Structure formats: structure tokens, C-alpha cells
Amino acid sequence: MRIVVTGGSGDLGGRVVRELRSRGHEAVAASRRTGVDLATGSGLDAVLEGADAVVHAATSQSRPRSVDVAGAGRIGESLRGLGSRAHVVSVSIVGCDRVPWPYYRAKVDAERALEAADVPATVVRATQFHSLAAFLGGAGRVGRLSPAIGDMRVQPVDIDWVAQRLADHATGAVPGGYRRATDLAGPTAYTAAEVAALLAAHDGRPTPRVVRVPPVLPVLKRFSEGAILPGPDAETGGRSFEEWLATQPVPLPRRFHSPT
Ligand SMILES: NC(=O)c1ccc[n+]([C@@H]2O[C@H](COP(=O)([O-])OP(=O)(O)OC[C@H]3O[C@@H](n4cnc5c(N)ncnc54)[C@H](OP(=O)(O)O)[C@@H]3O)[C@@H](O)[C@H]2O)c1
């Protein structure tokens, strides 16, 4: 199959490209560095011509309305213009509809844009990747003190497993229209204290003392209430946070991304 991966140079998209190629498919990475700009639509028709499926993994933290939301609409428009019924598999975030944070609101609107696009489409929501959980778990740490937002817990997921599941969807049965797939999550939920202790053990630091920060802002309140945790129907899999951590450099770099 010929499968176009938007954001194919990114953390997740790059892994989807590799996974598809390892399965013998023609995976085409599409992003600005290959001449495709979802914020303008430039290069989109050319790359989507002849595609059997599209994985939409492009994102912009600073411009999600242009890239994630309008980008989803442009993919649909381009496919319709080409007379294509290629299956669009788009990645979203567990609980994005429960957290009033602009990036999460944009993810909800990206889902809606795809639903309105009138193309075969599957939205797959995933929890935070392990690298993001580690980044957040290390954020705000001062010496031996580590903050915890209320009772917040995370159930992070292995980015490589998410890439495999997206590849499964892109190469699997094509739906008649729009559908939400089963959410994806890692096998275990952790409190902030547990994440902080695991990060400290990895780096060889003493276990930090966790200071509870009251969740005063609405976004933090939703996090504290478990809004980003998967529901009971979610599919769990991939490496646990501990297994992922064991493969990481010591000390763990404080970075948001998961470079390969
Ligand atoms: N990080 C997490 O914990 C997490 C959890 C659940 C779901 N997700 C979702 O997973 C997806 C991928 O996230 P990621 O962390 O892998 O992202 P990432 O590493 O930041 O990659 C973003 C990609 O988008 C491309 N891009 C940015 N602006 C573009 C534009 N105007 N036109 C075309 N492409 C553009 C970038 O390539 P160029 O710079 O070459 O354009 C890059 O390939 C996102 O939808 C995100 O919401 C992430």
C-alpha cells in the first residue's frame, strides 16, 4: 500500500513511517521539510495522489488550529478533490474533550474537522507518551522537592506501540465513514510521587519529597480529577514506563520529545 504520513519527520510520525516500511509498504513522510505545509495546503494534492491511506500525525503546539485542525480539513478536501476514498487515520489525545486547555480543545476540533470531511476516517486517541510523562514529572523539581498537582495520575504509553497500532489501522479494514477507535494507553497508572521516585531512581538521585500543589486552575483541576486517564474500555499495551525508562540515557535528559 502507498501510505502518506503527515508529520512523518516527527516523533510519532517517524516511527509510523518506519513501522510501515518494515511491513513492506510504501510510506511517504509528508511535512514542511518534504514540501507539504498543512497550514496552507501547499504540496498536499501532489503527495496524496494515489495514496491508499493517510496517517495524520502532524501537529504544532504553537499553531494547532492551522496544522491539526485546518490540516485535517485540508486532507479531507484534497482527497475529495482527487476523487479518493483513502482511509485517514488521525491521532488524538485521551481526555482531550475533558480538559479546557487550548491545545486539547484543538485536538477535539481536529476530530470534528475529520468527521465533517466526509472521508473514511479513524481517530485513535492515546495517552501521554512516556517521554512526556517523564518531562512533566521532572518539571518544577527543585533540589529534593518535586511538585504534584492535586491527585493527578498519568497512564503513559509507549510511543512505538502507538505507532504499531496506527500502522495496523492504516493497513486494516476501511470504515464506511468516520469512527473513533478504541483508546490506547500504557499498562499502568502512576501518581506524581511514583513518577518522581522512578525518575530519581533512574538518575541515581535520592527519592524526592513530593509537595502537593492545590489544583486551583480549571485545567489543573481536571488533571487532578483524572480527566486524562483512560476509561475501562481502553486497549492497554506496549512497554511500561519502567521498561521504557530502563532504555533511556542516565541522567534522563529533560526534553519534551522522544527522538529515536
Ligand atoms: N506527545 C504526546 O505525549 C502525545 C500523546 C498523545 C497523542 N499525541 C499526538 O501525536 C501526534 C504527533 O505528536 P509528536 O509528539 O510526534 O509531534 P512532533 O514530534 O512535534 O512532530 C510534529 C510533526 O508535524 C510536522 N509539522 C509541523 N507543522 C507542520 C505544517 N505546517 N505542515 C506539515 N507538517 C507540519 C513536523 O514536521 P516539519 O517541521 O517538517 O513540518 C513534524 O514532523 C500529535 O497529533 C499529538 O497530538 C501526542
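**Chat: cores and a helix pair**

Visitor: Which residues touch the most other members in the largest nonpolar core?
Guide: This is a predicted model, and in it that core has 26 residues. Val4, Leu44, Val47, Leu48, Ile75, Leu79 and Val88 touch the most other members.

Visitor: Okay, and which helices and strands each supply at least two residues of this core?
Guide: Those are β2 (26-30), α2 (44-48), α3 (64-81), α4 (102-116) and β5 (121-126).

Visitor: Which one gives the most?
Guide: That's α3, with five residues.

Visitor: Let's zoom in on Ile75. What does Ile75 touch?
Guide: Leaving out residues up to four places away in sequence, Ile75 touches Thr6, Leu38, Leu44, Leu48, Val54, His56 and Val88.

Visitor: And what lies apart from that core?
Guide: Another core, made of 24 residues. Ile3, Leu20, Trp161 and Val162 are among them.

Visitor: New topic: helices α1 and α6. At what angle do their axes cross?
Guide: Roughly 55°, and the axes come within 8 Å. Helix α1 covers residues 11-22 and helix α6 covers residues 159-171.

Visitor: So what do you call α1 relative to α6?
Guide: With that angle, α1 is oblique to α6.

Visitor: Is the crossing left-handed or right-handed?
Guide: The crossing of α1 and α6 is right-handed.

Visitor: Which residues meet there?
Guide: From α1 you have Asp11, Leu12, Arg15, Val16, Glu19 and Leu20. On the α6 side they meet Ile159, Asp160, Val162, Ala163, Gln164, Leu166, Ala167 and Thr171.

Visitor: How many are nonpolar, polar and charged?
Guide: The contact of α1 with α6 has eight nonpolar residues, two polar and four charged.

Key: Residues numbered from 1 in each chain as written. Predicted model: local features only at pLDDT ≥ 70, side-chain atom pairs only at ≥ 80, totals over all residues. Heavy atoms only, no water. Core = buried A, V, L, I, M, F, W, Y, C linked by side-chain atoms within 4.5 Å. Buried < 20%, exposed > 50% of the residue type's maximum accessible area, 1.4 Å probe, protein only. Helix = DSSP H or I, 4+ residues; strand = E, 2+ residues; numbered from the N terminus. Contact = heavy atoms within 4.5 Å. Axes fitted to C-alpha atoms, helices over the stretch in contact; angles between N-to-C directions. Parallel < 35°, antiparallel > 145°, perpendicular 65-115°, else oblique. Left-handed = near helix turned anticlockwise from the far one by under 90°. Nonpolar A, V, L, I, M, F, W, Y, C, P; charged D, E, K, R; others polar.
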